[in-house]
Amino acid sequence: MAWICLFAAGILEVVWAFSMKKSAGFTLLTPTAITIITMLASFGLLSVAMKSLPLGTAYTIWTGIGAVGAFVVGITVLGEAITPARIIATLLIISGIVTMKLASAD
């Protein structure tokens with residue numbers, strides 16, 4: 001259950017990062033509300049996952065899902081640049097996430 005909560009928290013991190021971008025500095029009501037709601041839900045699910053997962057594992061995977069997800073959304077939805085350096089960085093993040101999961105005792 002902790003891993004499901006952690007994955008959901010990571011996905012919500014992507015949602016709040018995207019909606020924060022769309023909020024234009026918290027000047028648009030709907031994206032701002034989505035940001036706040038999904039941020040609270042993401043932190044809440046992360047805290048539930050941390051009840052049984054190690055801090056380093058949970059936090060690394062949560063931020064990694066958010067970073068890779070934001071990268072993908074930035075490219076696919078916002079038209080951000082795809083560069084070799086950004087792809088390599090993302091692959092390194094993914095390898096770190098996989099290694100952290102494999103190294104976890106749970």
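Where is phenylalanine 26 found? In this predicted model, phenylalanine 26 sits in the loop between H1 and H2, in a chain that has four helices and zero strands.

**Overall build and confidence**

- The C-alpha atoms of the chain fill a box of roughly 45 × 35 × 15 Å when this is taken along the principal axes, and buried residues make up 32% of the 106 residues.
- The average pLDDT of the chain is 94, and 98% of the residues score at least 70.
- Among the elements of the chain, helix H2 has the highest mean pLDDT, at 98, whereas helix H4 (residues 84–103) has the lowest, at 91.

**Helices H1 and H2**

- Two packed helices are described by the angle between their axes and the distance between the axes.
- For helix H1 (residues 2–22) and helix H2 (residues 29–49), the axes come within 8 Å and cross at roughly 160°, which means that H1 is roughly antiparallel to H2.
- The crossing of H1 and H2 is left-handed, and the residues of their contact divide into 17 nonpolar, four polar and two charged.
- On the H1 side the contact residues include Cys5, Leu12, Trp16 and Met20, while those of H2 include Pro31, Ile34, Met39 and Leu45.
- Leucine 12, which has its place in helix H1, is in contact with Thr38, Ala41, Ser42 and Leu45, once its neighbours within four places in sequence are left aside.
- Leucine 12 and isoleucine 37 are 25 residues apart in sequence, and their C-alpha atoms are 9.5 Å apart in space.

**Helices H1 and H3**

- The axes of H1 and H3 come within 8 Å and cross at roughly 40°, and the two helices are therefore oblique to each other.
- The crossing of H1 and H3 is right-handed.
- Among the residues that meet in this pair are Trp3, Phe7, Ile11, Val14 and Phe18 in H1, together with Ala58, Trp62, Gly66, Gly69 and Val73 in H3.
- By class, the contact of H1 with H3 has 13 nonpolar, five polar and one charged residues.

**Helices H3 and H4**

- Helix H3 (residues 55–76) packs with H4 at an angle of about 150°, with the axes of the two helices 9 Å apart, which means that H3 is roughly antiparallel to H4.
- H3 passes H4 in a left-handed crossing, in which the contact is made by residues including Thr60, Gly64, Val68 and Phe71 of H3 and Arg86, Thr90, Ile94, Ile97 and Lys101 of H4.
- The residues of the contact of H3 with H4 divide into ten nonpolar, five polar and two charged.

**Threonine 57 in H3**

- Threonine 57, which is found in helix H3, has a relative accessible area of 7%, and it counts as buried because this value is under 20%.
- Leaving aside its neighbours within four places in sequence, threonine 57 is in contact with Trp3, Met100 and Ser104.
- Threonine 57 is one of the H3 residues that meet H1, and it is also one of the H3 residues in the contact with H4.

**The loop between H1 and H2**

- Most residues other than glycine have a negative phi.
- Alanine 24, which is found in the loop between H1 and H2, has a phi near 55°, a positive value in a residue other than glycine.
- Phenylalanine 26, likewise found in that loop, has a phi near 65°, again a positive value in a residue other than glycine.
- With a relative accessibility of 43%, alanine 24 counts as partly exposed, and phenylalanine 26 is partly exposed with a relative accessible area of 45%.

Note on methods
Residues are numbered from 1 along each chain as its sequence is written. This is a predicted model: local features need pLDDT of at least 70, side-chain atom pairs count only at pLDDT 80 or more; totals for chains, interfaces and linings use all residues. Side-chain values use heavy atoms; hydrogens and water are left out. Axes are lines fitted to C-alpha atoms, for helices over the stretch in contact, and angles run from 0 to 180 degrees between N-to-C directions. Angles under 35 degrees count as roughly parallel, over 145 as roughly antiparallel, 65 to 115 as roughly perpendicular and the rest as oblique. A crossing is left-handed if the near helix is turned anticlockwise from the far one by less than a right angle, and right-handed if clockwise. Contact means heavy atoms within 4.5 Å. Ala, Val, Leu, Ile, Met, Phe, Trp, Tyr, Cys and Pro count as nonpolar, Asp, Glu, Lys and Arg as charged, and the others, Gly among them, as polar. pLDDT is the predictor's confidence in each residue, from 0 to 100. Buried means under 20% relative accessible area, exposed over 50%, partly exposed in between (1.4 Å probe, protein chains only).
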